Amino acid sequence: MNRFILRQSLLLFLTAVIWGVAFVAQSAGMDYVGPFTYNGVRCILGGLVLLPCILLLDRLQGGRKEEQVTGVGTRSQETGVTAQNGRQLLTGGLCCGVILFVASSVQQIGIQYTSVGKAGFITAMYILLVPVMGLFVHKKVGGKVWIGVMFAVCGLYLLCMANGFNLERGDALVLVCAVVFSLHILVIDYFSPKVDGVRMSCIQFWVCGILSLLCSILLEHPDVGSILAAWQPICYGGIMSCGVAYTLQIVGQKGMNPTVASLILSLESVVSVVAGFLILHQTMNRRELLGCCLMVVAIVLAQLPDRSNQRMTDKE
């Protein structure tokens, strides 16, 4: 493994760690404010954090293009955003923001009724649901993914079905969240090749934040005191989870195999269990741990490349 791959892998692993610990921050935030208030404030904060990141990335990208095109200090016009790209950027940001609002709201509500470890592992189901949902847009799914789905179903049963087939309220809500996050990933997959990813992320955070705050005002009636009391989990969720982790993901995926990148990022579910144990002292019994292990196997299987596709890639 060369230094570049090692560096990128470490950046992606750090992203997974930040996202995994974020489940603890989300759970702790519920001690002070409601789910809509927490999501609203942290998403607005995340959007603010991304603004200087956008300026920095624009400056770095502009400098590279200047060297390639002119070799001097004149700014290339290619770094600008065209009117067509602007419309696609706004459309993508709005769509992603609305979907993120639904997903994060359901997840935040569900975390109140389940453990951090369970929430992290059930949310990781999006890695399996994405290729399954991709069938509806005529995307083929390999045999390993279907085997992974079987492992995941068994794992979810052991993890969540403590009393027979009764799915607990919090588990069901987080599972719905995983489904909506799968749709979110597919929408990002559609728009990301056409627009700037960091800009679209910034827009989606603002859209999600505004919608969450509107619901907060209507349903929770938040006060400044409770928001200030929850400043630590809110700042972590906004600055680290939304702003820093997303930027690290963008930088870390540059030049990386997407399968390897997804596998590293999926470790957030493992981190959530460890963080719940170390910080919140939440424990899991043998049955639940076995369910987690089966879901890890499922996630790994879903990310392994199909041999036939690999042969085609090698021939090309």
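Reader: Of the contacts with a separation of 6 or more, what share comes from residues 24 or more positions apart?
Author: 87% of those contacts in the protein. Contact means heavy atoms within 4.5 Å.

Reader: Where do these values come from?
Author: This is a predicted model, where local features need pLDDT of at least 70, side-chain atom pairs count only at pLDDT 80 or more, and totals for chains, interfaces and linings use all residues. Residues are numbered from 1 along each chain as its sequence is written, and side-chain values use heavy atoms, with hydrogens and water left out.

Reader: How many helices and strands are there?
Author: 14 helices and zero strands. Both are DSSP runs, numbered from the N terminus: helices are H or I with at least four residues, strands are E with at least two.

Reader: And how much is buried?
Author: 46% of the 316 residues. Buried means under 20% relative accessible area, exposed means over 50%, and partly exposed is in between, with a 1.4 Å probe and protein chains only.

Reader: What about the accessible surface?
Author: About 16500 Å². Carbon and sulfur atoms hold 67% of that. The areas come from the Shrake-Rupley method with a 1.4 Å probe; for residues, only the protein chains shown count as cover.

Reader: Let's go inside. Which residues touch the most other members of the largest nonpolar core?
Author: Phe-181, Met-200 and Phe-205, in a core of 26 residues. Such a core is a set of buried Ala, Val, Leu, Ile, Met, Phe, Trp, Tyr and Cys residues joined through side-chain atoms within 4.5 Å.

Reader: Which elements give two or more residues to this core?
Author: Helix 2 (35-69), helix 3 (83-111), helix 7 (169-191), helix 8 (197-219) and helix 10 (231-252). Helix 3 gives the largest share, seven residues.

Reader: What is Phe-181 in contact with?
Author: Leaving aside neighbours within four places in sequence, Phe-181 is in contact with Leu-100, Ala-103, Gln-107, Thr-123 and Tyr-126. Another core, of 11 residues, lies apart from the largest one. Phe-121, Met-125, Cys-292 and Ala-298 are among its members.

Reader: Now Gly-110. Buried or exposed?
Author: Buried, because its relative accessibility is 0%. Gly-110 sits in helix 3. Beyond neighbours within four places in sequence, Gly-110 is in contact with Gly-170, Leu-173 and Val-174. Val-174 is 64 residues away in sequence, yet the two C-alpha atoms are 5.4 Å apart.

Reader: And Ser-212, where is that?
Author: In helix 8. Ser-212 is buried too, at 0% relative accessible area. Setting aside neighbours within four places in sequence, its contacts are Phe-36, Asn-39, Gly-40 and Phe-101.

Reader: Which side chain does Gln-8 join by a polar contact?
Author: That of Arg-7, at 3.1 Å. A polar contact is a pair of N or O atoms within 3.5 Å; within protein, one must be able to donate a hydrogen and the other to accept it, and residues adjacent in sequence count only if both atoms are side-chain atoms. Gln-8 lies in helix 1 (residues 3-29) and counts as buried because its relative accessible area is 2%.
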